[in-house]
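Good morning, and thank you for coming. I would like to take you through one structure, moving from its helix contacts to its sheet and then to its overall dimensions.

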Amino acid sequence: MTDLHLVTGGSGYFGNLLVARLLERGEKVRIFDILDADDRPAAAEFIQGDIRDKPAVKQAVQGVAVVYHNIAMVPLAKDKDAFWSVNSTGTLNLLEASRAAGIRKLVYTSSSAVFGIPEQLPVDEFVTPRPAEAYGKAKLAGEEMCWRYADSGLDVSIIRPRTIMGHGRLGIMQILFDWVHQGRNIPVFDGGHNKYQFVHADDLAEACILAARRPAPRAYNIGADRFGSMRETLQ
């Protein structure tokens, strides 16, 4: 019997891609999001709801074996109360509902922003997270909740991706391309010789699926194995 996989935030860019990868593997998929996507695959079930709504979250996890938690309020959000309530309270709601429902595995998509300005480079599994801004602090708060629930028996793994890029998502590069088109200069540090690591959305989806298959709580820092300087990337 095929397991049911829940993808929170499955209508967003990365969530949508993760849903597609799971369906390609023959998995049954349910999406939980505040909005439905126009291009949602017909094979994917959809439950509309807010991650801050406990009854809606409880409904979403019923009958689910694996949860991929991708819902997050991003740094550009203007509503600071919603920023914290979604990233912190929402994650707590999902962890509590997942434990009550007997979920086999939960994969929490955090962020490399939890490291702030790292004590050492490259960042490995021994570097202590010390976020410097609100988004990173909220993501770290989510991680701390995950570890607490892991101590109580919920199998949770944490994924910390670098900046996500992929087909259809240029991210910060879109702004830089606009500047180039306008003939503006691009400000860079150290002549652009500083190295910057991204992660491709396809690779991140694969990492999430692999983490879901591996038992026992763990944290994974995910980035591209080949990357160069910002000057090389821009050129």
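This is a predicted model: local features need pLDDT of at least 70, side-chain atom pairs count only at pLDDT 80 or more; totals for chains, interfaces and linings use all residues.

In helix 2, the residues Lys54, Val57, Lys58 and Val61 meet Asn93, Leu94, Ala97, Ser98 and Ala101 of helix 3.

How do the two helices lie against each other? The axes of helix 2, residues 54-61, and helix 3 come within 9 Å and cross at roughly 45°. That angle makes helix 2 oblique to helix 3, and the crossing of the two is right-handed.

Helix 3 also has a contact with helix 4. Helix 3 covers residues 80-101 and helix 4 covers residues 134-151; they pack at an angle of about 15°, with their axes 9 Å apart. Helix 3 is therefore roughly parallel to helix 4, since an angle under 35 degrees counts as such. The crossing of helix 3 and helix 4 is right-handed. On the side of helix 3, the contact is made by Phe83, Trp84, Asn87, Ser88, Thr91, Leu92, Leu95, Glu96 and Arg99. Helix 4 contributes Ala134, Tyr135, Lys137, Ala138, Ala141, Gly142, Met145, Cys146 and Tyr149. Taken together, the residues of the contact of helix 3 with helix 4 divide into eleven nonpolar, four polar and three charged.

Let us turn to another pair, helix 1 and helix 6. Helix 6 spans residues 201-213, and helix 1 packs with it at an angle of about 60°, the axes being 10 Å apart. This makes helix 1 oblique to helix 6, with a right-handed crossing. From helix 1, Tyr13, Phe14, Leu17, Leu18, Arg21 and Leu22 take part, and they meet Ala201, Asp202, Leu204, Ala205, Cys208 and Ile209 in helix 6.

Helix 1 leads us to the strands. Helix 1, residues 13-24, lies across strand 1 (4-8), strand 2 and strand 4 (66-69), and runs at about 170° to strand 1.

In which order do the strands of the open sheet stand? There are seven of them, in the order 3-2-1-4-5-6-9, with parallel pairing. Strand 3 (45-48) and strand 9 (218-222) are at the edges with a single partner strand each, so one side of each has no neighbour in the sheet. On average, neighbouring strands of this sheet are turned by 20° against each other, direction ignored.

One pairing deserves a more detailed look. Strand 2, residues 28-33, pairs with strand 3 in the parallel sense over four bridges. Here arginine 30 stands opposite glutamate 45, a residue of strand 3.

I come now to two points in the backbone. The peptide bond from leucine 121 to proline 122, however, is cis, with omega near -5°. Where is proline 122 placed? Proline 122 is in the loop between strand 5 (105-109) and helix 4. The other point is aspartate 190, which has a positive phi of about 55° although it is not a glycine. Aspartate 190 is found in the loop between helix 5 (172-181) and strand 8 (198-200).

Finally, the chain as a whole. The chain has seven helices and nine strands. Along its principal axes, the C-alpha trace spans about 55 × 40 × 35 Å. A compact globule of 235 residues would have a radius of gyration near 18 Å, and the chain, with 18 Å, agrees with this.

Thank you for your attention.

Technical notes. Residues are numbered from 1 along each chain as its sequence is written. Side-chain values use heavy atoms; hydrogens and water are left out. Two strands pair if DSSP finds at least two bridges between them. Axes are lines fitted to C-alpha atoms, for helices over the stretch in contact, and angles run from 0 to 180 degrees between N-to-C directions. Contact means heavy atoms within 4.5 Å. Angles under 35 degrees count as roughly parallel, over 145 as roughly antiparallel, 65 to 115 as roughly perpendicular and the rest as oblique. A crossing is left-handed if the near helix is turned anticlockwise from the far one by less than a right angle, and right-handed if clockwise. Ala, Val, Leu, Ile, Met, Phe, Trp, Tyr, Cys and Pro count as nonpolar, Asp, Glu, Lys and Arg as charged, and the others, Gly among them, as polar. The radius of gyration is taken over C-alpha atoms; the globule rule is 2.2 Å times the number of residues to the power 0.38.
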